[in-house]
Amino acid sequence: MSASVVHTSAPAHHHYTTLGLDSRKVAIWAFIGSECMLFVSLISTYLIYKGRSVIGPLPHEVWTDPSTGHVYKPILNIPVTSASTFVLLMSSLFMVLALAAVQNKELPKRTRGERILGSSKLWLWMTAIAGTTFLGFQAFEFTSFVHEGLTIRRNLFGSTFFTLTGFHGAHVTAGVLWLVTLLAIDYRRGLTSKDSLLVDISALYWHFVDVVWIVIFTLVYLIK
Amino acid sequence: MDTHASITNLPDSAEGQAHAPHGEVEHAHPTWSTYWKVALILTLITVGEVWAYYIPSFVASRSFVPTLLTLSALKFAIVVMFYMHLKYDHRLFRVLFTGPLLIAGLTLIALMFLFGHLYIKVM
């Protein structure tokens, strides 16, 4: 038999809507929908003020301060941000593997590869580490920007950039904390397929944070 | 034929069936091999985007921005469909996600017109 076996273990606590859907999953999708609006408002603000900064540093252009003659280089560091984007994309892969591992927890794992794929702890750890690495990249970026003269109060670019990416970073931080709580549960009593909805909800949040970054990376970093 | 359910070829979840007491059936989620392929595609698109950024003639061309926006939208759609399982889940989830996204997107476009970033040439 190939792909015909399915789980039949329903969760112990049902929270169904009249449509037969778990209300927690409906809630997370509604929350994600509202988060879309939040991030689009921040992205809109960034785009509206794009190219309207009176003073530098600027994202893609060289700017010379007329009073001091100081030359500010383009401030965005594309190689570093590309690396952090790759890390976040991989974290999404790790997250779906963590979810799949929890969903298939009760299945026999006969080979080493199956044991690795079926280890929810491993994939949750990998996701949390990737998320923390992304935050490390962001901390490095923010610090280097401040050292190069770009603060949140410096110009319109600084205000909108730090607000947008700062909000995203706060969401990644919340996601990492959520993953840590799942790991704590996994170590304490072990996550089983009955807990798959808990992991599914956190995975949806995590992937949403990833798709927001996909948009930010293109609109803020790559489009000049 | 192997009679045991193998962890590598099993659909990742039939949670929909388990969670849906009123006959509402979600389709099975993709397999692990699909997840790896999706990750590879996302990586390749990202590499393509960054590569395009470093080609000055392409950056100066009219097709640069539409190309990047298309690639970004493609990545967005792939993650939402395959990693967030929206392709396989109940249509209510699709409505809950795409509804606000559509409103937000239209608001964004309206603001771009309002602030002069987008315009229509009138003869």
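Visitor: What is the mean pLDDT of chain A?
Guide: This is a predicted model, where local features need pLDDT of at least 70, side-chain atom pairs count only at pLDDT 80 or more, and totals for chains, interfaces and linings use all residues. Residues are numbered from 1 along each chain as its sequence is written, with chains lettered from A and ligands numbered from 1 in the order in which they are written. pLDDT is the predictor's confidence in each residue, from 0 to 100. In chain A, 94% of the residues reach 70 or more, and the mean is 90.

Visitor: Over which residues of chain A does pLDDT stay under 50?
Guide: The model has 22 contacts beyond four places in sequence for that stretch, a contact being two residues whose C-beta atoms, placed from the backbone, lie within 7 Å. Where pLDDT is low, the predicted coordinates should not be read in detail. The stretch in chain A is residues 1-10.

Visitor: And chain B, which of its elements has the highest mean pLDDT?
Guide: Chain B averages 80, with 76% of the residues scoring at least 70, and pLDDT stays under 50 over residues 1-25. Its elements are DSSP runs numbered from the N terminus: helices (H or I, at least four residues) and strands (E, at least two). The lowest mean in chain B, 42, belongs to helix 1 (residues 15-19), while the highest, 95, goes to helix 4 of chain B.

Visitor: What pattern does chain B follow along the sequence?
Guide: Chain B has five helices and zero strands. Reading along the sequence, you get α-α-α-α-α.

Visitor: How far apart are the end C-alpha atoms of helix 4 of chain A?
Guide: The expected span of a helix is 1.5 Å times one less than its number of residues. Helix 4 of chain A has 28 residues and so should span 40 Å. Its end C-alpha atoms agree with that, at 40 Å.

Visitor: Which helices do the buried residues of helix 4 of chain A pack against?
Guide: The buried residues of this helix include A:S120, A:W123, A:L124 and A:T127. These four are among the residues that A:A98 touches, not counting residues up to four places away in sequence. The buried residues of helix 4 pack against helix 2, helix 5 and helix 6 of chain A.

Visitor: Within what arc do the buried residues of helix 2 of chain B fall?
Guide: The buried residues of helix 2 of chain B are B:Y35, B:V38, B:A39, B:L42, B:T46, B:E49 and B:Y53. The arc is that of the directions from the helix axis to the C-beta atoms. Seen down the axis, the buried residues of helix 2 of chain B line one face of the helix because they fall within 100 degrees.

Visitor: Is A:L191 buried or exposed?
Guide: A:L191 lies in the loop between helix 5 and helix 6 of chain A and touches residues including A:V102, A:I185 and A:V199. It has 23 other C-beta atoms within 10 Å, so A:L191 is buried.

Visitor: What phi does B:H85 have?
Guide: Most residues other than glycine have a negative phi, and most peptide bonds are trans. B:H85 sits in the loop between helix 4 and helix 5 of chain B and counts as buried, with 25 C-beta neighbours inside 10 Å. Although B:H85 is not a glycine, its phi is positive, about 60 degrees.

Visitor: Is the peptide bond from A:G56 to A:P57 cis or trans?
Guide: A:P57 is in the loop between helix 1 and strand 1 (63-64) of chain A. With omega near 0 degrees, the bond from A:G56 to A:P57 is cis.

Notes:
Buried ≥ 20, exposed ≤ 12 C-beta atoms within 10 Å, placed from the backbone.
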